[in-house]
Structure formats: C-alpha cells, structure tokens
Amino acid sequence: MRIVSINLCTDELLLQLADREQIKSVTWLVKDPDISWDAPLARGIDANYGLVEEVVPLEPDLVLTGTMSTRSAVAMLKRLKLPVIELPPPFSLDDVRAQIRIVADAVGHSARGTALIAQMNKRLSNLNVSTAGLAALLYRPNGGAAGVGSLADEMMSAAGLENRAAKWSLDHYGHYPLELLVLDKPDILILNNQYDSPPSVANEILNHPALNKTFEPFETVIMPPQAWSCGTPHVVDAIEILLDAANRVARRRGNTST
Amino acid sequence: MTTQTRPALLVGVLVVLIIIFFAISLVVGRAPLNVADAISSVLAGEVNVGSLVLLELRLPRAILGFIVGASLGLSGAAMQGMLRNPLAEPGIVGVSGCAALGAVIAFYSGLSAVFPLALPIGGIAGAFVAVLLLYVMAGSRASTLTLILAGVAINAFAGALTALALNLSSNPYAVFEIVFWQMGSLADRSLDHVTLSLPLMLVGWGLLLASARGLEALTLGEETAASLGINLATTRGLVIVGTAFAVGGSVAVSGVIGFVGLVVPHLLRPFVGHHPGKLLYLSMLGGGVLVLAADAAVRLIPTGAELKLGVLTATIGAPFFLLLVHRMRRDIT
C-alpha cells in the first residue's frame with residue numbers, strides 16, 4: 001500500500017500508525033521539530049508541499065488530508081479518482097479517538113489504532129487531577145479565545161481547570177478583546193506564542209500595560225505548538241502541561257496562605 | 001456676514017460631536033463596565049478592573065480615534081488645497097500605504113522594540129517619500145488622471161512591499177497582520193501608542209495649519225499668490241512635511257484608515273466656500289468626529305470578530321469617491 005499525506009495532522013497520525021514502507025510522502029511541516037514532535041519519525045521520508053503534481057507521480061493508493069487545507073489540490077485528486085480521506089479539525093477528545101481509528105483502519109493496522117487509543121486513555125486516567133477552582137483561559141494572538149465546544153476547552157477540563165472564556169458564548173474560537181481578559185482575570189493564562197519571539201502586533205498585545213497591571217503574580221503557560229496543533233495523542237502532553245501549571249499555582253497559593 | 005458666522009457655529013457643532021462620540025467611545029465595549037464607578041475609581045486613584053479597562057484600554061482608544069481622525073481629515077484638506085484637486089486623499093494616493101510600509105519595516109525588523117520612536121519615524125519616512133513622489137509626478141496643478149494613476153502605482157507598490165516585509169518576518173502571525181496594517185484598527189491599543197504618536201502628529205498639525213494662508217492665496221493662481229508675498233515653495237514644503245508627520249504618525253499606530261481625508265473636507269467645504277485655509281481646521285475636527293464615530297460603530301456592529309475600522313470607512317468612502325469621479329467625468333477625460 002502506498003500512502004501520501006498532505007496535511008500536518010494526518011502526517012502525524014500516519015507516522016504513528018502505518019508501517020514505514022507504506023508512507024511515500026509527508027508534508028515538509030512534520031519534518032520540522034519546531035512544528036511537530038513526530039519529526040524524528042519522518043526522517044528519511046520524502047517531503048511534499050501539498051501540491052497535486054507532487055502527489056500524482058507517487059501513484060498513491062490513499063491520500064490523507066484535512067478538510068480545512070489544500071482544497072483545490074483535494075478537488076483535483078478526486079477528479080483523478082485517487083482515494084482521499086479528509087479529516088475535519090477535532091473538537092473533542094472523542095474526535096481525536098475517532099480519527100485515530102479512521103486512519104488505523106485505512107492503513108490496515110486497526111489493532112495499532114486500538115492500542116494507541118488504549119494508551120491515550122491510560123495516560124488520561126493516570127492524570128492526578130486534584131486541584132479545584134482554578135480558572136484558565138487560552139488567549140490567541142490578536143484577540144481570540146477558546147470557547148465552549150473547542151478541543152482546548154475539553155483539555156482544560158481534563159486538567160481540572162475551569163475555562164474562564166466559557167461564559168462569553170464564543171463558539172469554538174471567538175473574538176476576545178483585551179478588556180474581557182482584564183475583567184475575567186484567569187489564574188492561568190495559556191498562550192501559544194512566546195513573549196520574546198520576533199515582533200508582531202500579536203506579541204505587542206501581550207505586553208499591554210493593562211495586562212501587566214492586572215496579573216501581578218499570574219501563571220503563564222506557553223503551550224508548545226507541537227502539543228496541540230493537531231488532534232493526535234500529543235494532546236495528552238498538552239493536558240499534562242496544563243496540569244503542571246495548575247499544580248504550581250495551587251502549591252504557591254498553599255504556601256502563601258499558611 | 002454669513003460666511004463669518006457659519007464656520008463659527010460649525011466649529012461649535014463639531015466640538016460638541018467630538019465630546020459626544022468621545023464619551024460614547026469610553027462607554028462602548030465588550031466588557032460590561034459601570035463607567036461611573038470606573039471614573040470614581042480612577043479619581044480615587046484605585047487600581048481595579050474598572051479603572052484599568054477605562055484608563056488603559058478605552059481611553060487610549062478614544063484619544064487615538066480623535067487624533068488619528070484629525071490627522072487624516074486635516075491632511076486630506078491640505079493635500080486637496082496644495083494639489084488643487086478634490087480627489088487628493090492620503091489613502092487613495094498611496095501616502096497612507098507608504099506610511100504603513102515604513103512602520104511595518106520599523107516594527108517587524110525589531111528596530112522599534114529597542115527604539116520605540118522608530119515606529120512613527122518609519123511611518124513618517126514612508127509618508128514623506130510618497131507625498132514627495134506624488135508632488136514630483138503630478139505637479140502643482142495636478143490633473144486628476146495623473147494624480148490617481150500615480151496614486152494607484154504608489155499604493156500597489158507599497159502594498160506589495162508591505163506583504164513582502166510581513167512574509168519575510170520569522171513570526172508566524174506576522175503574515176496575518178497585513179489585515180491590521182491595510183485595514184486599520186484601534187482595538188487593544190495602549191497609552192504608549194498615544195504618547196509615541198501624539199507629539200509627532202502635533203508637529204504635523206502645526207505645519208499643516210501654518211500653510212492656511214498660502215493655500216488661501218493659491219486659489220487665486222500661482223502668480224497672484226506670489227504677488228501677494230506668499231512663498232509657494234514654503235507653502236508646499238509645509239504641506240508635504242506636515243502631511244508626512246500627521247499621516248505617518250497616525251498610520252504607525254492605527255494602520256491605514258482610508259477615505260477619511262476625502263469624505264470630511266467634501267462634506268465641510270460647502271460651509272466655507274472656496275476657503276481652503278478655513279477648511280483645514282474644520283476638516284481636522286470633522287475627521288476626529290468621523291473616526292471616533294466609526295470606531296464606536298465597529299464595536300457595536302455585531303460581527304463575530306470586530307470589524308476593522310478601515311472596512312467601515314471604505315464602505316462609506318468608496319461609494320462617495322465613485323460619486324465624485326462620476327460628477328467629474330468630463331473634467332477627467
């Protein structure tokens with residue numbers, strides 16, 4: 001079987017589930033360790049940039065991609081009668097499990113899929129979620145936040161955190177002006193960009209005086225993009241990072257109150 | 001008599017409108033905030049959520065709304081006076097676009113992180129190059145066709161280089177921020193942006209208002225103006241450098257907000273007749289009213305993400321522009 005993936009997230013699932021010989025090509029993104037933790041698995045596999053002309057000569061039996069990317073390429077591949085599986089962005093941990101199963105079945109390794117899901121479930125049930133009453137907020141560059149119904153929202157609950165943005169009916173990821181952040185004052189602010197990364201308006205907002213004055217000793221979590229850009233078992237790592245932050249805050253609060 | 005009293009009345013009306021929209025700008029926002037409580041907290045020197053939202057987020061937004069609008073309205077009126085062409089406007093002819101390019105280079109290269117003034121200076125440098133280029137290309141009595149075509153070229157070039165500069169940035173979000181630079185927004189700006197840009201805009205306002213007498217004389221023709229003792233080179237210099245400071249300073253903190261400098265002088269011109277000098281200070285106040293009102297509107301219009309300010313001014317301004325072109329058709333061809 002010859003499989004090609006033209007989307008970062010299907011790359012990750014493919015690398016974790018298929019035999020190496022089955023994989024003919026993955027995107028250049030997954031080969032970058034700053035973007036994906038599965039980069040070591042992709043070493044030695046040909047890279048593509050999501051272009052039809054790269055895919056067709058490989059004569060794949062299966063092409064994997066996401067529903068949100070490379071639309072014109074997918075339309076062309078379908079016209080050429082190539083079997084394409086498109087995975088939508090996951091909105092829950094159940095979606096993640098379902099997508100693992102879809103890819104595992106498609107590449108003929110259903111048992112591996114079952115094992116990967118079992119391993120993910122085991123890690124989740126081993127999480128020692130003890131803290132209660134802490135609130136978090138995922139603040140996205142240029143004024144967005146993760147609301148109810150997003151994967152990030154479920155990840156916060158899995159780490160025992162209340163999503164402070166939940167009350168604003170933001171859908172999955174909605175517009176969230178800075179003044180709401182000042183008002184909501186979460187205990188933990190989750191960011192996916194670094195304060196000291198190259199300049200952008202998004203970063204400038206993180207240094208807004210209103211924020212510095214609001215959160216005197218507040219906990220910031222810089223979430224590595226590898227942990228949750230995709231709905232793969234790596235999301236459990238993201239949940240562990242959130243849990244660590246929650247424990248740090250709880251411990252600090254415990255120390256100051258005694 | 002009437003031409004003396006009507007502008008005075010108009011100034012009064014505009015000032016009242018500025019006060020009303022400034023107050024609305026402080027009240028309007030997503031956070032449910034009791035403004036009266038927030039004001040008393042600020043006065044009592046307390047730091048709480050209310051005082052922070054009011055002082056650090058809504059106040060800078062309202063101040064920027066006024067000063068950015070005033071800069072754009074004033075520059076539009078001055079450019080129309082200098083080029084003696086009613087279609088001259090910083091956004092349409094590419095001055096704002098070049099200012100954005102200058103600011104983008106200063107900002108994303110990291111220069112403004114170590115030297116904050118680099119941001120407005122970048123904007124001013126970009127705007128200066130554009131006005132100068134425009135003046136060289138279109139001349140002192142700009143034919144509409146030359147002016148607009150030069151503007152199209154300058155705008156396209158500045159837009160392309162801005163996109164290039166953002167693509168070259170190693171920050172993954174930079175590329176999405178082209179929307180901010182080309183469509184303009186005052187969301188989540190801070191008092192730092194006010195202190196950074198206001199002094200430079202004030203310089204621009206001073207220079208532009210000083211050109212009033214020269215622009216008045218220029219309506220009589222260049223020779224008559226010269227015989228009246230007006231130094232035309234000085235007048236043009238004041239407008240070019242003044243526009244660079246006013247537009248460069250505002251675009252550097254707000255992005256490009258188009259058509260303000262077109263719509264405002266046109267709406268106010270009937271009240272002052274052919275007096276480009278008087279039109280300057282009226283357009284300054286009128287620009288402040290328009291941008292303050294538009295910025296309150298983008299916060300009230302229930303779109304998912306907040307509408308960019310330039311989107312709103314363009315939806316008002318572009319049809320207005322087309323109407324003007326339609327009216328001037330014979331003159332152009």
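**Exercise 1.** State what share of the contacts in chain A with a separation of 6 or more comes from residues 24 or more positions apart.

*Solution.* Residues 24 or more positions apart supply 59% of those contacts in chain A. Two residues are in contact if their C-beta atoms, placed from the backbone, lie within 7 Å. The model is predicted: local features need pLDDT of at least 70, side-chain atom pairs count only at pLDDT 80 or more, and totals for chains, interfaces and linings use all residues. Residues are numbered from 1 along each chain as its sequence is written, and chains are lettered from A in the order in which they are written.

**Exercise 2.** Find how much of chain A is buried.

*Solution.* Start with the cut-off: a buried residue has 20 or more other C-beta atoms within 10 Å of its own, with C-beta atoms placed from the backbone. The C-alpha atoms of chain A fill a box of roughly 65 × 40 × 35 Å, taken along the principal axes.

**Exercise 3.** Describe the side of chain B that touches chain A.

*Solution.* First, the contact takes 28 residues from chain B and 24 residues from chain A. Next, the elements of chain B giving two or more residues to this side are α3 (49-82), α4 (95-108) and α9; helices are DSSP runs (H or I, at least four residues), numbered from the N terminus. The largest share, five residues, comes from α3(B). Last, this side of chain B divides into 15 nonpolar, seven polar and six charged residues (nonpolar: Ala, Val, Leu, Ile, Met, Phe, Trp, Tyr, Cys and Pro; charged: Asp, Glu, Lys and Arg; polar: the others, Gly among them).

Terms used: Buried ≥ 20, exposed ≤ 12 C-beta atoms within 10 Å, placed from the backbone.
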